[in-house]
There are 2 protein chains.
Amino acid sequence: MQLQREKVEAALQSVFPMDWAIPGTLSEAMNYSLLAGGKRLRPILVLAAAEAVAGQETAADRAMLFACAVEMIHTYSLIHDDLPAMDNDDFRRGRQTNHKVFGEAMAILAGDGLLTHAFHVAAQAASRGVPAERVLAVVGELSRYAGPTGMVGGQVDDMLGEQGLTSLEQLENIHLHKTSDLIAFSLRAGGHAAEADDKQLHAYGLFGRNVGLAFQIQDDILDLTGNEAKLGKPVKSDERQEKVTYPYLLGLDESRKRVAELTREANETLLQAGLAKPEPLIGIAEYLLNRDH
Amino acid sequence: MQLQREKVEAALQSVFPMDWAIPGTLSEAMNYSLLAGGKRLRPILVLAAAEAVAGQETAADRAMLFACAVEMIHTYSLIHDDLPAMDNDDFRRGRQTNHKVFGEAMAILAGDGLLTHAFHVAAQAASRGVPAERVLAVVGELSRYAGPTGMVGGQVDDMLGEQGLTSLEQLENIHLHKTSDLIAFSLRAGGHAAEADDKQLHAYGLFGRNVGLAFQIQDDILDLTGNEAKLGKPVKSDERQEKVTYPYLLGLDESRKRVAELTREANETLLQAGLAKPEPLIGIAEYLLNRDH
């Protein structure tokens with residue numbers, strides 16, 4: 001996983017071609033957030049999903065541009081979510097948020113730039129040997145999972161529901177779109193890069209859905225029980241902001257059980273999908289279950 | 001042109017599939033701006049460009065999804081430009097701006113949703129008979145002309161240059177990206193839909209560049225000399241906001257000459273591109289030169 005992460009970091013350094021005339025400040029603002037580290041969970045899932053279908057590591061190279069594209073989409077969503085009109089956050093991963101450094105207008109435009117350019121990066125995958133029909137499928141899915149019916153829709157539901165959330169169903173629906181959709185996309189994009197069949201793509205969609213939910217519940221649990229130094233952010237912020245979370249609705253024990261259950265379901269789906277080498281993907285799911293930051 | 005506009009209006013009504021679960025308020029906010037009328041210049045250029053290559057009207061049908069996509073991109077850019085952190089405008093085309101009606105957070109998300117979904121709409125063109133390679137080329141170009149090196153980049157330059165602009169070159173560079181890039185894209189997208197050759201695509205890029213600049217200069221002229229009722233907005237706003245414009249730098253007469261010159265150049269490019277039927281496109285350029293609103 002560490003090796004994959006380093007490959008992703010290197011690839012993200014060059015998503016903006018050197019000979020393109022991008023205004024200097026815009027370039028700086030986009031890279032400030034894109035190259036700020038983080039787990040790189042989504043790109044790693046893209047690469048691992050491609051490998052699991054093909055059964056060999058070289059498949060990851062063909063999927064790298066999809067990996068970069070999904071991280072650019074994730075990054076733009078963080079920049080816009082942090083804006084004063086949205087969550088109004090001053091810090092992320094121990095650094096000032098984009099608008100605190102570059103101003104609100106530039107942060108909006110940096111987000112727009114990353115979002116728009118992500119599709120350029122994804123479309124370039126044809127030059128790495130992915131068939132045009134597959135690249136087109138990925139572009140369509142990126143738009144669908146990240147757009148009004150996916151991540152953007154989840155963000156809207158989250159914003160509108162902040163005060164009045166009462167049921168687990170509502171909470172789950174928000175996370176399915178805010179978190180799971182982009183993770184399901186990551187899996188399917190990796191699958192397309194390795195020319196997965198429909199059964200495998202379907203399994204990846206389910207796996208991504210469950211892993212995404214488990215990831216979110218684990219996030220809620222760590223906010224309550226985690227170690228500030230390891231997390232790199234203050235704990236119990238959900239409580240202070242009176243956010244409705246899984247532990248709030250279900251209790252801590254039940255939430256932990258839910259993470260274990262979702263992870264088990266996710267792994268079973270994978271084992272029945274006829275993948276050449278599902279183990280690294282299952283390893284990532286286990287990591288999510290056991291992480292402490 | 002009126003007929004094409006009506007076809008575009010009808011197509012824009014159904015860019016969001018009925019069976020997609022989009023949060024109601026988000027849907028409302030996106031459609032509020034997308035269906036607010038306007039000249040629909042960009043989509044009309046997409047359709048006319050396809051017709052000019054193919055020499056028959058049916059070519060426009062294959063280009064319709066590209067026409068919708070470019071109007072969605074144009075609309076998102078207006079929503080974000082109007083935000084308090086950007087131009088802070090309360091009115092557009094005689095109606096309240098998106099954030100005045102739906103709030104700032106929803107306006108940001110409505111823009112993000114339109115921008116993201118535009119790529120879905122464009123990618124669907126394969127189902128209308130456009131070859132996958134051409135659709136992929138259009139997706140890549142949409143991202144490039146609308147992104148950090150295109151429209152978003154122009155918006156950044158405009159924002160950063162607002163106080164200190166002194167040269168015609170700087171002003172032209174801003175408009176080339178803020179306005180011309182998306183118009184050049186429109187032409188080329190229509191060309192791709194009709195499987196234009198490289199010479200035609202190149203001519204479309206140049207034509208779009210010049211028509212875009214002429215359009216912008218004419219906008220500046222009308223702001224100074226136009227009729228408020230016809231324009232649907234207050235005149236002389238550029239003067240009040242101390243904006244550096246073409247008439248400010250060149251004078252009114254010289255600006256008018258520049259519009260005529262750019263239009264003539266644009267039309268000559270078209271006549272030498274080996275198009276089957278360039279007349280409707282030339283008609284649109286003439287309309288831009290002579291419009292009073």
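The axis of a helix is a line fitted to C-alpha atoms over the stretch in contact, and the angle between two axes, taken between N-to-C directions, runs from 0 to 180 degrees. The model discussed here is predicted.

**A helix pair in chain B**

In chain B, helix α7 (residues 132-146) and helix α9 (residues 168-193) have axes that come within 9 Å and cross at roughly 175°. Angles over 145 degrees count as roughly antiparallel, and α7(B) and α9(B) are therefore roughly antiparallel to each other. On the α7(B) side, the contact involves residues including B:Arg134, B:Val138, B:Glu141 and B:Tyr145. On the α9(B) side, B:Asp181, B:Phe185, B:Arg188 and B:His192 are among the residues taking part. By class, the residues of this contact comprise 9 nonpolar, 1 polar and 4 charged.

The size of an interface is often given as the accessible area lost when the parts come together. The following table gives values for the pair of chains.

| Item | Value |
|---|---|
| Residues of chain A in contact with chain B | 46 residues |
| Residues of chain B in contact with chain A | 46 residues |
| Area buried between chain A and chain B | about 3,900 Å² |
| Salt bridges between chain A and chain B | 0 salt bridges |
| Polar contacts between chain A and chain B | 8 residue pairs |

Carbon and sulfur atoms give 78% of the buried area. Of the area that chain A buries against chain B, 16% is supplied by A:Thr116, A:Leu136 and A:Pro148, more than by any other three residues. Elements giving two or more residues to this side of chain A include α2 (24-34), α4 (59-82) and α8 (151-161). The largest share, 13 residues, comes from α6(A). The side of chain A that touches chain B consists of 29 nonpolar, 12 polar and 5 charged residues.

**Salt bridges**

Over all chains, the structure holds 24 salt bridges. One of them joins A:Glu51 and A:Lys277, whose closest N and O atoms are 3.7 Å apart. This pair links distant parts of the chain, 226 residues apart. A:Glu51 lies in helix α3 (residues 41-54) of chain A, while A:Lys277 lies in the loop between α14 (252-271) and α15 (279-290) of chain A.

Terms used
Residues numbered from 1 in each chain as written. Chains lettered and ligands numbered in written order. Predicted model: local features only at pLDDT ≥ 70, side-chain atom pairs only at ≥ 80, totals over all residues. Heavy atoms only, no water. Contact = heavy atoms within 4.5 Å. Buried area = accessible area lost by both parts, 1.4 Å probe. Salt bridge = Lys/Arg side-chain N within 4 Å of Asp/Glu carboxyl O. Polar contact = N/O pair within 3.5 Å; in protein donor to acceptor, adjacent residues only side chain to side chain. Helix = DSSP H or I, 4+ residues; strand = E, 2+ residues; numbered from the N terminus. Nonpolar A, V, L, I, M, F, W, Y, C, P; charged D, E, K, R; others polar. Parallel < 35°, antiparallel > 145°, perpendicular 65-115°, else oblique.
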